[in-house]
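Q: I'd like a close look at one part of this model, the inside of the fold. Please walk me through it in plain words.

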Amino acid sequence: MDAAPSPQEPPEHRVRELVTARTAGGVPTAAEQEEIAAGLRQVYEEFIALRMHYQFGIDEVLTKVEILRKEFEQMHDYSPIEHVRTRLKSVESLMEKALRTEGEMTVRAIRERIHDIAGIRITTSFVADAYWIADILAAQGDLEVLTVKDYIASPKPNGYRSLHLIVQVPVYLSTHVEQVPVELQIRTIAMDFWASTEHKLSYKYEKNLPPALRAELDDAARVAHELDQRMERLRGEIRPQAAPGGGSGLFPGRPGPAAPPTGGDAAG
Ligand code: GTP
Ligand code: MG
């Protein structure tokens, strides 16, 4: 996902670019510029140290996901989880996002407003599995769900579909416990295929997609959605017998991967 960071590199040149971005429009004096630069440099350096804590947050949640996957595989000979990818935002893109978003440029304020420094993307075969994983994780006592965005039930205007959760996990350090937010993106293979293609195209065309490509993407989103619905019907055929239970009730009415077939739970 993000490019590998280079924490040892002096961030001087970046800090200068960031100051320029920060002061665009105004005409700061040399002294003001130096003050802004010093502040940003300090924030930058603190995040280089803090970054490790976010990696620990990823490690904690990843362990939970791996446990669910292995347990389910052992019990049912099938995994609701296809792939798991993690990404830790580089300090550079964190600083960029911090400057793009409203708010103070202090470590505390940035940590409060940016919750996707640590990210985990889980890909599932079926829509119901995406809800199941979110639900099971949300039910775990040490995970606190901060936000839920259900872009599966309510896709974005461009057709993007995915389940987004920000969960907060405690990380036990030697001197204190740190609560670390982790962004979870949970989606089917079809949703993921569409999103990664859309991302590449948006990147290439810098968001100004030619109308013909836009139409292709819209159609691809529709086809991906249809595929998910068809797969959901087929899923009834391979659904294991035992129901695991134990969800958080975050998505009432959503059957888990092992719920008895109901016949009509096509993805919404
Ligand atoms: P940021 O973009 O991270 O500031 O997120 P946000 O607060 O607007 O939240 P949102 O849930 O909309 O998006 C979070 C992440 O989901 C993004 O960083 C992307 O990884 C992914 N995402 C959201 N919308 C799209 C989309 O339209 N296309 C693709 N490919 N990915 C998206
Ligand atoms: Mg993001």
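What share of the 268 residues of the protein count as buried, and which residues of the largest nonpolar core touch the most other members?

A: First, the housekeeping: this is a predicted model, where local features need pLDDT of at least 70 and side-chain atom pairs count only at pLDDT 80 or more, while totals for chains, interfaces and linings use all residues. Residues are numbered from 1 along each chain as its sequence is written, with chains lettered from A and ligands numbered from 1 in the order they are written.

Of the 268 residues, 28% count as buried, meaning that 20 or more other C-beta atoms, placed from the backbone, lie within 10 Å of the residue's own. The protein has seven helices and five strands; these are DSSP runs, H or I of at least four residues for helices and E of at least two for strands, numbered from the N terminus.

Now the core itself, which is a set of buried Ala, Val, Leu, Ile, Met, Phe, Trp, Tyr and Cys residues joined through C-beta atoms within 7 Å. The largest one holds 40 residues, and Ala130, Tyr131, Ile133, Ala134, Val167 and Val182 touch the most other members. At least two residues of this core come from each of helices H2 (30–76), H3 (91–100) and H5 (127–138), and from each of strands E2 (118–124), E4 (163–172) and E5 (177–188).

Zoom in on Val182: leaving out residues up to four places away in sequence, Val182 touches Gly57, Ile58, Val61, Ala118, Ile120, Val167 and Val169. Touching here is a contact, with C-beta atoms, placed from the backbone, within 7 Å. There's also a second, separate core of six residues, including Met191, Trp194, Ala221 and Ala224.

Conventions: A residue is buried if 20 or more other C-beta atoms lie within 10 Å of its own, exposed if 12 or fewer, and partly exposed in between; C-beta atoms are placed from the backbone. Two residues are in contact if their C-beta atoms, placed from the backbone, lie within 7 Å.
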